[in-house]
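Subject: Handing over a structure

Hi,

Here is the structure I promised to pass on to you.

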Amino acid sequence: DSHWNARGALAAYQPIVTAVRTQNPAVPPAWKRSDFEEVEQEIGGLDLARMMGLNHALHEVNLTLVPKRRRLAVVIDPPGAPITAEFGRIVTEIPGSQLPRAVIFRDSFTTALAPFLAEHFSRAVFLWQKDFVPEQIVQEGADVVIYEIAGRNLYDFVASPGLIGE
């Protein structure tokens, strides 16, 4: 598959949280691999198999991670949605938390990353869009902004005018 599984997402998440913590030490340290049980399950083919029309014929082993401790972040919008849903906007909160707030501009790679990141913010707003919109950051009162974009999407990326100046 061309996307991260949970183990790949953990490897990407840890340096992201480390970098965020250098700017905002109130963000707790990243979870470690030892905080999870490794689980393997056979699943139908994912995006590469789907591109070839073989997702029902090909099978893959999904390398997942099951947390040993309870996750605190819950999806509040849309209500009842899984955090890995591929919607345009997903909002998580940790009830009663005083942690910083985040806005995460994302693409499909954040699907596996979101469950990890959400644990570090009192409120995290995941926005599936390529454009960086400062008004969304102000509206959410974000303390932290993460802009995740897959390298393969950079070839046609055009930064919003507000980022590159006049």
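First, some ground rules. This is a predicted model, in which local features need pLDDT of at least 70 and side-chain atom pairs count only at pLDDT 80 or more, while totals for chains, interfaces and linings use all residues. Residues are numbered from 1 along each chain as its sequence is written, and side-chain values use heavy atoms, with hydrogens and water left out.

**The sheet**

Helices (H or I, at least four residues) and strands (E, at least two) are DSSP runs, numbered from the N terminus. Two strands count as paired if DSSP finds at least two bridges between them. In general, strands of a sheet pair through backbone hydrogen bonds, either parallel or antiparallel.

Here 5 strands make an open sheet with mixed pairing, in the order β3-β4-β6-β5-β7. At its edges are β3 (74-77) and β7 (144-147), each of which pairs on one side only. From one strand to the next, the twist averages 25°; for angles, axes are lines fitted to C-alpha atoms, for helices over the stretch in contact, and values run from 0 to 180 degrees between N-to-C directions.

Going through the pairs, β4 (residues 89-93) and β6 (residues 123-128) run antiparallel and are joined by 5 bridges, with R89 opposite L127 of β6. Strands β5 and β6 are parallel over 6 bridges, and R101 has R123 in β6 as its bridge partner. β5 and β7 also pair in the parallel sense, over 4 bridges; there, I104 is partnered by I146 of β7.

How covered is the sheet? Buried means under 20% relative accessible area, exposed over 50%, and partly exposed in between (1.4 Å probe, protein chains only). β6 is mostly covered, with 5 of its 6 residues buried. β7 has V144 and I146 on a covered face, and V145 and Y147 on an uncovered one.

**The helix across it**

α3 lies across β5, β6 and β7 and runs at about 175° to β6. Because 8 of the 8 residues of α3 are buried, this helix is largely enclosed by the rest of the structure. Its cover includes α1, β1 (36-44), β2, β5, β6 and β7. Among the buried residues of α3 are T110, L113, F116 and L117.

V103 sits in strand β5 (residues 101-106). With 0% relative accessibility, V103 counts as buried. Contact here means heavy atoms within 4.5 Å. Not counting residues up to four places away in sequence, V103 touches V125, L127, Q136, I137, E140, A142, V144, V145 and I146. One of these, E140, is 37 residues from V103 along the chain, and their C-alpha atoms are separated by 7.4 Å.

R21 belongs to helix α1 (residues 6-23). R21 is partly exposed, at a relative accessible area of 29%. Leaving aside neighbours within four places in sequence, R21 is in contact with V27, P28 and P29. R21 and F105 are 84 residues apart in sequence and 18 Å apart in space, C-alpha to C-alpha.

P78 is in the loop between β3 and β4. The peptide bond from D77 to P78 is cis, with omega near -5°.

**The largest pocket**

A pocket is an open set of points on a 1 Å grid over the protein atoms alone, where a 1.4 Å probe fits and protein lies on both sides within 12 Å along at least five of seven lines; lining residues have an atom within 4 Å of a point. Grid points are joined across faces, edges and corners, and a volume is the space filled by probe spheres set on the points.

The largest pocket has a volume of about 590 Å³. Its lining has 24 residues, and W4, N5, L46, N62 and A112 lie nearest the centre. At least two lining residues each come from α2 (47-51), β2 (59-67) and α3 (110-117). β2 gives the largest share, 6 residues. By class, the lining has 11 nonpolar, 7 polar and 6 charged residues; Ala, Val, Leu, Ile, Met, Phe, Trp, Tyr, Cys and Pro count as nonpolar, Asp, Glu, Lys and Arg as charged, and the others, Gly among them, as polar.
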